[in-house]
Amino acid sequence: MRPITVIASLLLATALASPAFAAGSMQMTGHGEVTAAPDTAYVTSGVTSQGSTAKDALAANTKDMAPLIGVLKSAGIEEKDIQTSGFAVNPTYVYSDQKDANGYQLPPKIVGYTVVNSVTVHVRDLGILGTMLDQEVGVGANTINGITFDVDDPSDLYAQARQAAFADARGKADLYAQAAGVQLGAVEQISETQNVAQPPMPYMAKAMAAPMDRGAPVPVEAGQLTFSIDVNVNWDIGATSK
């Protein structure tokens, strides 16, 4: 079970936390956070190939992409989780400082072609991530554009963050109502904003340290993700307390 921490913010910026009294109502903002280790990742990798002609570059790229796809499947990645996310054929130019008889700079010349093919992979088992990256490079992958970590189903985490955010707003509203000598009535309106961020909180998957025949796998820091909710709650203000 991944570690989960629920945090209710006690302090907000004055502009956000200050209660608003208007037309017999009170408006208050609350904040709630839930942190959890990710359980899934997205990796974009591929092959960049060059050739004197577009056909040669494409043939070289196709030859190198085949073992890359093979490595992904052998690592346990299902076909539905492998998607081509980029493909391009571009000429390679050489620029010249020479000028023609009229004094105009000569146009660039095409001296070859570059083919880029990349796939985005949904890795559902973080334990294979380091090994998979090592094997990708070993079979010719020369472009890896980064790793994005996520929680596959964050609905429960957001539910906990909502509860914490509302409790934060309610606690402050009760305090201000008592100080102002009024009573909170029914809730009139609730609105929310949800955010997900990844602060620098390293979390090293234990499986990353397992030995491999080809050597140690690529070290991967999964970190932790923070799922936060900000709620804006309006209460009706009842009779003045005595």
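## Surface patch

A residue counts as buried under 20% relative accessible area, as exposed over 50%, and as partly exposed in between. The model is predicted. Phe87, with a relative accessible area of 49%, is therefore partly exposed. Phe87 belongs to strand 5 (residues 82-94). Together with Leu58 and Val89, Phe87 forms a nonpolar patch on the surface, with about 260 Å² of accessible area in total.

## Salt bridges

The whole structure contains seven salt bridges. One of them joins the side chains of Asp81 and Arg124 at 2.8 Å, N to O. Asp81 lies in the loop between helix 2 and strand 5 and Arg124 in the loop between strand 6 and helix 3, so the pair ties together parts that are 43 residues apart in sequence. Asp81 is buried at 8% relative accessible area, whereas Arg124 is partly exposed at 44%.

Another salt bridge links Arg170 and Asp174 (3.0 Å, N to O). These two residues are four apart in helix 4 (residues 155-180), a separation of about one helical turn. Arg170 is partly exposed, with a relative accessible area of 33%, and Asp174 is partly exposed at 35%. Elsewhere, salt bridges with shared partners connect Asp81, Arg124 and Asp152 into one network.

## Packing of helix 3

Helix 3 spans residues 129-138, and its buried residues include Leu129, Met132 and Leu133, along with Asp134 and Glu136. The buried residues of this helix pack against strand 4 (40-51), helix 2 (54-74), strand 6 (109-123) and strand 7 (143-150). After helix 3 comes Gly140, which has a positive phi near 120°.

Conventions:
Residues are numbered from 1 along each chain as its sequence is written. This is a predicted model: local features need pLDDT of at least 70, side-chain atom pairs count only at pLDDT 80 or more; totals for chains, interfaces and linings use all residues. Side-chain values use heavy atoms; hydrogens and water are left out. Buried means under 20% relative accessible area, exposed over 50%, partly exposed in between (1.4 Å probe, protein chains only). Contact means heavy atoms within 4.5 Å. Patches are made of residues with over 30% relative accessible area and no salt bridge: like charges are joined within 9 Å, nonpolar side chains (Val, Leu, Ile, Met, Phe, Trp, Tyr) within 5 Å. Accessible areas come from the Shrake-Rupley method with a 1.4 Å probe; for residues, only the protein chains shown count as cover. A salt bridge is a side-chain nitrogen of Lys or Arg within 4 Å of a carboxyl oxygen of Asp or Glu.
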